Amino acid sequence: MAIETITADAAGAWNIGDLSVNRLGFGAMRLTGSAAFHLGTPSDRDRSIAVLRKAVELGVDHIDTAAFYFSSLRSANELIGRALSPYPEGLVIAAKVGPYRDYRGEWGACARPEELRGHVEENLRQLGRDHLDLVYLRRMGQESIAEHFGALAALREQGLIRHLGISAVQPRHLAEAQAIAPVSSVQNQFGLGHRGPASAELLGLCGEQGIAFVPYFAIAGEGAERGATAAHGDEVLRVARAHDATPAQVRLAWTLAQGPHVLAVPGTGSPAHLAENVAAGALRLTPEETDRLNAAHRGEGRAQGD
């Protein structure tokens, strides 16, 4: 699969609220090291900055980040600011709030509703912006998200946030949030072989309501924070050979094929992998290939909760 001239608009576009973005975006988590957080070695700073600038050159206009994306030496938000500020017109930056890590990198308790303003302001400070295009409330196991989401809705009214999203949620949380303020995007773990029932239901609900559905770990699978899975399965490998593509590209193409409202934000610290990921937006699966991969998806791995 030739990738040199393929740009992110090959995947098509979707609206997050009133913001149009290419469906193939970029996730910043892996910019900081060989694995997320403190699980690997810190990245090369210049290389990470080059990846971000190359992403924008390739038409990526949707970057997903968080203040808690940092390793012992690198901060994703700081890298984004250094690489891309002054930010190009039309670039949408999404941030997640709720989880918290201290200066040692240790995870703390979920933020209380009244603490979310500080989380938003920290993202603004690190990115050098006066508002955030999209902020996800990342649920940390709480039964109700009403108070937390309401706190973000108040910040939206104050102009610090343009659009609201929710992450790591059950379908009932979407209804709960929608009763408070419009939800523009939902971000849950979802990918080929990950059969979480909540994410599958949310995929359909978002399609019905015109909400963007943005899976995380679409490539990584069981590798999650530590990196992409190597357990692709026979059907993925077969389709990859047919298209002269990589298994990761097939996984991304299958994810995007789940509906026009489905976006992808694969992350990498490698310029070569970045180009491959962006090119996956141009990979068109045949109906037969999609059916085979769907069957593999239903049968691979164990059913997982969200």
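This is a predicted model: local features need pLDDT of at least 70, side-chain atom pairs count only at pLDDT 80 or more; totals for chains, interfaces and linings use all residues.
I started with Ser185, which is buried at a relative accessible area of 0% (buried means under 20% relative accessible area, exposed over 50%, partly exposed in between, with a 1.4 Å probe and protein chains only). Residues are numbered from 1 along each chain as its sequence is written, and side-chain values use heavy atoms, with hydrogens and water left out.

Next I looked around Ser185. I found Ser185 in strand S8 (residues 185-187); strands (E, at least two residues) and helices (H or I, at least four) are DSSP runs, numbered from the N terminus. Beyond four places in sequence, its contacts (heavy atoms within 4.5 Å) include Ile16, Leu134, Tyr136 and Val214. I also noted a polar contact of 2.7 Å between the side chains of Ser185 and Tyr136 (a pair of N or O atoms within 3.5 Å; within protein, one must be able to donate a hydrogen and the other to accept it, and residues adjacent in sequence count only if both atoms are side-chain atoms).

In S6, Tyr136 is the bridge partner of Lys96, and S5 runs parallel to S6 (residues 132-138) with 4 bridges (strands pair if DSSP finds at least two bridges between them). On S5's other pairing, I found S4 (residues 62-66) parallel to S5 over 5 bridges, with Thr65 opposite Ala95.

Last, I checked burial in S5 (residues 92-97): 6 of the 6 residues are buried, so this strand is largely enclosed by the rest of the structure.
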